[in-house]
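Dear colleague,

I am passing this structure on to you, with some notes on what came out of going through it. Please have it open while you read what follows.

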Amino acid sequence: MTCDRAFETQAYADGELDAVSALAVEQHLETCAECRALHDGIVEMRAALKRDARYYRPAAAFVECIQRDIAREDGHTRRRAPFGSHPFWTGAFGGVAATALAASLALFVMLPSAQDQLASDVEAAHVRSLIGDHLIDVASSNHHVVKPWFAGRADISPPVTDYAAQGFTLVGGRLDYVDGRRAAVLVYRHGAHVVNVFVWKDDGSLGARAKDVNGYNILSWKAGGLFFCAVSDAEAGELRKLSDLIQKNSSN
Amino acid sequence: MDERRRRFEQLVLPHLGAAYNLARWLGGRDAEDVAQDAILRAFRAFDGFRGGDAKAWLFTIVRNCHYTALGRRRKTVALPDEGENDIASDAPDPEVSAIDADRARKLNRVIASLPDEFREALVLREMEDMSYREIGEITGVPIGTVMSRLSRARALLRQSWQAQTKETAP
């Protein structure tokens, strides 16, 4: 590389230049064969990297382990905060400590009910499925493929239907453990959103409701002896539509 | 769940995959340990996170954890050699032709063989779309150094890539 504008050319190829400097480089490229080759080489190699460079994805079990770590760590710090070296009681009337007090009171008040626990477990399983490489065990939009796949793996047989015409495309299914129970999961795509629908046998311990956890909408309902829980970053109204479709289907 | 953890799970945790990928490209085999260490450190230090790009912030921690672990290992045992079977053992995708798979394998081997500081700059730039400024902050060097590292990385990549493809040309 001998042209003294080579770095500039690279910066141009990396989109690091403002409009005026970019224009100057474009003019330079018209006359300098060396920089033109450099530029084209970068663009070409970028395409090759996009196509072929390996992007390593963490295993689902690892992601799960990290989530547990954080929950544990969170528990430690929260338990420590009021009784540790922090002058909690002495400063209890100060602004900062008042906030801490409010936070620790909220902790007692908001001890999770079974339902809240399930909602946050379902949310965690949803996030895990998106981060890790375990969104789908059986990839198919054909319910004749997905439905038999669950037989023998799950203790229930969930209603499997593709609602592509209504905007919810079935992309597959998987098994997941939530709340210590094995769940059959139907995976739908709705525009840019992924919807996980968890299905268990309805053992009567949980009631139907809607909730949002960490910005994810969660909607649960019962139908035909099954308990359903749909989670997605799609809007609540959209989840409701999918829920209606599935309910209509399971009552037929 | 308290506000702090909720924010962490919203801002930082979604980058766990990227953190793992970076750890994998930086060092290889103990990427899970490094990524785990980094995430927990990030969570403990989260109060000190003053906004900005959470991904770049996490990458800085991943990189520090990687070099800390590397220092520890160097004192005790020799580094395991990053053999090619690491990448060659990837399960083949039946959709991809043998020629395509071979080409991809070679490219990944070439990236893996780049010197550390060049590979890290290249991965941050081309896989993670980090800007020069961000790469400089993550790796603790001035922007000028980022530019020369990227330039060297690309030249080396091109060189070994051409050598590789020539080898197998009929």
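Helices (H or I, at least four residues) and strands (E, at least two) are taken as DSSP runs and are numbered from the N terminus. On that basis the elements of chain B run, from the N terminus on, α-α-α-α-α-α-α-α-α, which amounts to 9 helices and 0 strands, while chain A has 8 helices and 7 strands. Please bear in mind that this is a predicted model, in which local features need pLDDT of at least 70 and side-chain atom pairs count only at pLDDT 80 or more, although totals for chains, interfaces and linings use all residues. Residues are numbered from 1 along each chain as its sequence is written, and chains are lettered from A and ligands numbered from 1 in the order in which they are written.

I call a residue buried if 20 or more other C-beta atoms lie within 10 Å of its own, exposed if 12 or fewer do, and partly exposed in between, with C-beta atoms placed from the backbone. Buried residues make up 27% of the 252 residues in chain A and 34% of the 170 residues in chain B. Two residues are in contact if their C-beta atoms, again placed from the backbone, lie within 7 Å. Of the contacts with a separation of 6 or more, residues 24 or more positions apart account for 56% in chain A and for 65% in chain B.

The contact between the chains takes 32 residues from chain A and 35 residues from chain B. On the side of chain A that touches chain B, the elements giving two or more residues are α1 (6–13), α3 (33–52), α4 (60–83) and α6 (114–131) of chain A, and the largest share, 8 residues, comes from α4(A). In the loop between α3 and α4 of chain A lies Tyr56(A), which is partly exposed, with 18 other C-beta atoms within 10 Å. Leaving aside its neighbours within four places in sequence, Tyr56(A) is in contact with Tyr20(B), Asn21(B) and Arg24(B).

Next comes a helix pair in chain B. Axes here are lines fitted to C-alpha atoms, for helices over the stretch in contact, and angles run from 0 to 180 degrees between N-to-C directions. The axes of α2 (residues 16–26) and α7 (residues 116–127) of chain B come within 10 Å and cross at roughly 150 degrees. The two helices, α2(B) and α7(B), are therefore roughly antiparallel to each other, a label used for angles over 145 degrees, with those under 35 counting as roughly parallel, 65 to 115 as roughly perpendicular and the rest as oblique. Their contact is made by Asn21(B), Leu22(B), Trp25(B) and Leu26(B) of α2(B) together with Arg119(B), Glu120(B), Val123(B) and Met127(B) of α7(B).

In the loop between α7 and α8 (132–139) of chain B sits Asp129(B), which has a positive phi of about 55 degrees although it is not a glycine. Asp129(B) counts as exposed, with 11 C-beta neighbours inside 10 Å.

Finally, in α6(B), the residues Leu107(B), Asn108(B), Val110(B) and Ile111(B) are buried. They cover an arc of only 155 degrees around the axis, which puts them on the same side of α6(B); the arc is that of the directions from the helix axis to the C-beta atoms. On the other side of α6(B), Ala98(B) and Ile99(B) are exposed.

With best wishes
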